[in-house]
Amino acid sequence: MTINDNVLVIQKRMKEAQTQSARHSQPNVTLICVSKYHSVDEAKEVYDSGVRHFAENRPEGLIEKQQYLPDDIVWHYIGSLQTRKVKQVINRIDYLHSLDRLKLAKEIQKRAIHPINCFIQVNVSGELSKHGLHPDDVKNFIQEINALDKINVVGLMTMAPKMANENEIRQTFVELRQLSETLTAEMCQLNRPLQLSMGMSNDYDIAIEEGANFVRIGQAFFKG
Ligand SMILES: *Cc1c(COP(=O)(O)O)cnc(C)c1O
């Protein structure tokens, strides 16, 4: 399989999953290529297959990819972001998928030139190894950061537990969707419905069925 074949397979599975979506109106789903473990040349092949959203998880990787790849790419930052690294990345990205604490939000407020689209990372499964807010704390957090004009809360992000079966994975995604629906209904300061960033190589079809708006896919692009 070439990278182009992989892109076609992913797009086909995404379409199929969208027809099964639990949401009444089938939302558009944005495909993000997570290029973190792959070279500029490999990422360029994905780009040449038509993908325009890319994600990195380290400042060095982001800076290197941006240097060599075309400038019409929408850049996403995934994974935990240390407060002291905010200034290196924040004005290079369009979306942050890992906002999970007030200290990070305040540092973004201090460093960002333009508002940054942020997903709040939620630890739905409760795994100790995972970053993210407890679902019960998200509402409070959104209120706490409401006054920060460089933070544009666009949605919620989660990861399914490792080693989970299909039901457990689906349950995680259902809970994130329900949380987004509840908060969207309750919080008038949210002027648009909270979007969902969920689904990776092994579970993106389940995530889309449960309402994902952004899927973050790495390995599935690059397998041989
Ligand atoms: C690495 C990573 C992905 C992509 O994972 P794959 O299994 O390679 O698809 C998605 N989201 C986050 C937060 C990641 O760290």
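Predicted model: local features only at pLDDT ≥ 70, side-chain atom pairs only at ≥ 80, totals over all residues.
Figure 1. Now look for Lys36, where a polar side-chain atom lies 2.8 Å from a ligand oxygen atom. Arg216 faces another kind of atom: a polar atom of its side chain is 2.9 Å from a nitrogen atom of the ligand. How much of the ligand does the protein bury? On its own, the ligand exposes 390 Å², and the protein buries 88% of that area.

**Figure 2. The ligand and the residues around it.** Here you can see the ligand sitting in the largest pocket. Among the residues that surround the ligand are Val34, Ile78, Met157, Met159 and Met200. Ser201, Ile217 and Gly218 also belong to these surroundings. Sorted by type, the shell holds 6 nonpolar, 3 polar and 2 charged residues.

**Figure 3. A stacked aromatic pair, Tyr95 and Phe119.** The whole structure contains 5 aromatic pairs, and this view shows one of them, Tyr95 with Phe119. A pair of aromatic rings is described by the distance of the centres and the angle of the planes. Where in the chain do Tyr95 and Phe119 lie? Tyr95 belongs to strand 4 (residues 95-99) and Phe119 to strand 5 (residues 116-121), so this pair, 24 residues apart, links distant parts of the chain.

Definitions and conventions
Residues numbered from 1 in each chain as written. Heavy atoms only, no water. Near = heavy atom within 4 Å. Polar contact = N/O pair within 3.5 Å; in protein donor to acceptor, adjacent residues only side chain to side chain. Areas by Shrake-Rupley, 256 points an atom, 1.4 Å probe, with all protein chains shown as cover. 1 Å grid on protein atoms, 1.4 Å probe; cavity = no way out; pocket = protein on both sides within 12 Å on 5 of 7 lines; lining within 4 Å. Sits in = over half its atoms within 2 Å of the grid points. Nonpolar A, V, L, I, M, F, W, Y, C, P; charged D, E, K, R; others polar. Phe/Tyr/Trp six-rings, centres within 6.5 Å; stacked < 30°, edge-to-face > 60°. Helix = DSSP H or I, 4+ residues; strand = E, 2+ residues; numbered from the N terminus.
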